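Here is a short briefing to read with the model open beside you. Take the topics in any order you like.

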Amino acid sequence: MTAAHGIRPLSDTVHVSATLDKASAENFPVAPAFLPRAWRDGLTAVYGYARLVDDIGDGDLAPGGRDAVLLGLDPAATDDRLAMLDAFEADLRRVFGGTDGPPRHPLLLALQPVVRAHGLTPEPFLGLIEANRQDQRVTRYETYADLAGYCELSANPVGRLVLSLTGTGTPERIRRSDAVCTALQIVEHIQDVAEDLGNDRIYLPAEDMRRFHVSEADLAAPSAGASVRSLVAFETERARELLNEGTPLVGSVHGRLRLLLAGFVGGGRAALRAVTAAGFDVLPGPPKPTKSGLLREVAAVLRTAPRKG
């Protein structure tokens with residue numbers, strides 16, 4: 001039997017595992033063991049999708065061109081990010097009942113039963129693809145509103161998918177979730193200023209850089225001067241306010257979902273605390289929270305999130 005007949009080669013299993021293993025580097029727990037098996041499976045499948053589309057957009061795919069081949073392209077197409085994203089979208093359409101057979105990429109094949117079981121719609125998944133297309137065209141953001149529009153595509157769909165997977169989506173929860181997800185995206189941008197600049201991307205709004213008298217050359221320094229630190233402190237406070245706005249989401253649900261959402265919020269707060277502890281100098285590398293720091297923040301969220309419903 002071959003992959004075409006439903007059995008994937010061992011190399012593809014290892015390939016998929018390498019993508020999913022990146023979950024351990026995230027600021028928040030992806031699919032912790034305390035969740036019901038069905039939720040874990042769903043969250044893992046959604047994470048695999050989101051991680052792969054980001055790896056395509058960032059040029060972080062495994063060497064050898066295997067992802068291109070799985071998507072029906074020549075291995076050399078791996079470096080053509082827009083072509084890869086187009087092929088990835090075509091494979092996503094197969095998840096939702098395309099006419100040319102089942103999904104070709106194993107991560108998308110794993111997503112298909114999750115989509116069917118939970119009645120998920122294509123829009124959040126398409127948003128993540130469009131965010132990565134935007135990354136190929138847009139490398140600077142003039143205003144915070146522009147950046148928030150990007151986060152609407154790049155981050156907010158993930159929170160909405162979590163609510164859909166757990167059957168808890170309401171307009172109020174979606175609004176709170178969007179605040180948390182935009183905050184987590186901003187946190188990541190704060191941590192990764194140096195790495196993003198190395199890829200010719202700046203996610204700090206230009207209007208904020210002018211306000212704090214920060215130039216692109218300042219961001220390329222080995223360590224941050226006073227102006228860069230002031231700018232990072234400003235963006236850190238903005239992300240903290242968004243997390244606070246979204247925190248009531250945690251109190252609006254019960255049981256293990258409450259603990260999962262507290263992990264998202266607590267992860268963001270722990271990362272911001274690490275940035276603060278570094279004196280807002282993110283240029284030598286991303287400040288990362290300790291495991292104990294993360295647990296303290298999660299516990300604090302659980303203690304203080306107002307209970308509703």
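Among contacts in the chain (heavy atoms within 4.5 Å) between residues at least 6 apart in sequence, 70% join residues at least 24 apart. This is a predicted model, where local features need pLDDT of at least 70 and side-chain atom pairs count only at pLDDT 80 or more, while totals for chains, interfaces and linings use all residues. Residues are numbered from 1 along each chain as its sequence is written, and side-chain values use heavy atoms, with hydrogens and water left out.

**Overall make-up**

- The secondary structure comes to 16 helices and 0 strands; helices (H or I, at least four residues) and strands (E, at least two) are DSSP runs, numbered from the N terminus.
- Of the 309 residues in the chain, 49% are buried. Buried means under 20% relative accessible area, exposed means over 50%, and partly exposed lies in between, using a 1.4 Å probe and protein chains only.

**The nonpolar core**

- The largest nonpolar core has 76 residues. Such a core is a set of buried Ala, Val, Leu, Ile, Met, Phe, Trp, Tyr and Cys residues joined through side-chain atoms within 4.5 Å.
- Which residues have the most contacts inside this core? They are Y49, F88, L111, F125, L219 and L261.
- Helix α15 gives the most to this core, with 9 residues.
- F125 touches V46, Y49, L92, F96, L111, V115, L120 and L161, not counting residues up to four places away in sequence.

**Helix α15 against helix α16**

- Two packed helices are described by the angle between their axes and the distance between the axes.
- Helix α15 (residues 255-277) packs on helix α16 (residues 291-304) at an angle of about 125 degrees, and their axes are 7 Å apart. That makes α15 oblique to α16.
- Axes are lines fitted to C-alpha atoms, for helices over the stretch in contact, and angles run from 0 to 180 degrees between N-to-C directions. Angles under 35 degrees count as roughly parallel, over 145 as roughly antiparallel, 65 to 115 as roughly perpendicular and the rest as oblique.
- The crossing of α15 past α16 is right-handed. In a right-handed crossing the near helix is turned clockwise from the far one by less than a right angle, and in a left-handed one anticlockwise.
- From α15, the residues R258, L259, A262, G263, V265, G266, G267, R269, A270 and R273 meet G293, L294, E297, V298, V301, L302 and T304 of α16.
- The residues of this contact divide into 8 nonpolar, 5 polar and 4 charged. Here Ala, Val, Leu, Ile, Met, Phe, Trp, Tyr, Cys and Pro count as nonpolar, Asp, Glu, Lys and Arg as charged, and the others, Gly among them, as polar.

**Helix α8 against helix α9**

- Helix α8 (residues 156-165) and helix α9 (residues 171-191) have axes 8 Å apart and pack at an angle of about 135 degrees. The two are therefore oblique to each other.
- α8 also makes a right-handed crossing as it passes α9.
- N156, G159, R160 and L163 are the α8 residues that meet R173, I174, S177, D178, C181 and T182 in α9.
- By class, the contact of α8 with α9 has 3 nonpolar, 4 polar and 3 charged residues.

**The loop between α15 and α16**

- G279 lies in this loop and is partly exposed, with a relative accessible area of 25%.
- G279 and A224 are 55 residues apart in sequence, with C-alpha atoms 9.3 Å apart in space.
- F280 belongs to the loop between α15 and α16; its phi is near 65 degrees, a positive value in a residue other than glycine.
- The C-alpha atoms of P287 and Q191 are separated by 6.3 Å, although the two residues are 96 apart along the chain.
- Leaving aside neighbours within four places in sequence, P287 is in contact with Q191, A274, V275, A278, D281 and V282.

**Two further residues to look up**

- R81 is in helix α4 (residues 81-95) and counts as partly exposed at 28% relative accessibility.
- R81 and G59 are 22 residues apart in sequence and 7.1 Å apart in space, C-alpha to C-alpha. Beyond neighbours within four places in sequence, R81 is in contact with I56, G57, D58, G59, Q136 and R201.
- H213 sits in the loop between α11 (206-211) and α12 (216-219), and counts as exposed at 68% relative accessibility.
- The phi of H213 is near 60 degrees, a positive value in a residue other than glycine.
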